[in-house]
Amino acid sequence: MSQIVMVTGGARSGKSSFSEELCKCKSEKVAYIATSIAFDDGMRDRIKKHKESRPQHWNTYETYKDIYNIIDDIKSKNDTVLLDCVTLLVNNLMFEFDVDWDEICREEIDKIESYINEQVVKLIDAIRNTELYFVFVTNELGMGIVPENRLSRIYRDIAGRVNQKIATLSDEVYLVVSSIPVKIKG
């Protein structure tokens, strides 16, 4: 039976390092699903640092869409998976839609959010049909001020509800604060 773990926290909270340690302690056969896109120098630098921090023998998959389609391949080679991170996955899926984020109507937002939720639910369903130990890393976004622009508010709301869904469906959930993990579920 699979085990799903969600690790959340703020930016630079230590959630990725904690998640990597969880996976290292669980198995040598780890798959790493990287959801980021190197769209500028800053992101390229972050990706480079993430690659350097994890063991070289981990199998890396760079994707953010239809991840459920690669679960069979992943489980044939690995028994532990780290997906880093959900909030970048949400961001990338949102920007697949060519919309004016300042003028978008509620119906269009709901359609986009439904598509993203479908991606997440299909992934979790695929995981549940395996014996994988699967760790989701995500950012906790709703603890600060309300974002000034509409796009940021839409993103925060969708990512927050996706986090809620994953947390509800997870066996364990950790909140990492200043590199200290606190188990909040399981």
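**Salt bridges**

Asp-73 and Lys-77 lie 4 residues apart in helix α3 (residues 71–77), so about one helical turn separates them. Helices here are DSSP runs of H or I with at least four residues, numbered from the N terminus. The model is predicted: local features need pLDDT of at least 70, side-chain atom pairs count only at pLDDT 80 or more, and totals for chains, interfaces and linings use all residues. Residues are numbered from 1 along each chain as its sequence is written, and side-chain values use heavy atoms, with hydrogens and water left out.

The side chains of Asp-73 and Lys-77 form a salt bridge, 3.1 Å from N to O. The term stands for a side-chain nitrogen of Lys or Arg within 4 Å of a carboxyl oxygen of Asp or Glu. Asp-73 has a relative accessible area of 32% and is partly exposed; Lys-77, at 43%, is partly exposed as well. Partly exposed is the range between buried (under 20% relative accessible area) and exposed (over 50%), with a 1.4 Å probe and protein chains only.

Helix α1 (residues 15–26) holds both Glu-21 and Lys-24, which are 3 residues apart, about one turn of the helix. Glu-21 and Lys-24 form a salt bridge whose closest N and O atoms are 3.4 Å apart. Glu-21 is partly exposed at 41% relative accessibility, and Lys-24 is partly exposed at 32%.

Another salt bridge joins the side chains of Arg-156 and Asp-157, at 2.8 Å from N to O. Asp-157 is partly exposed, with a relative accessible area of 27%.

The count by this rule comes to 10 salt bridges, among them the pairs Asp-73 with Lys-77 and Glu-21 with Lys-24.

Note on methods. Helices (H or I, at least four residues) and strands (E, at least two) are DSSP runs, numbered from the N terminus.
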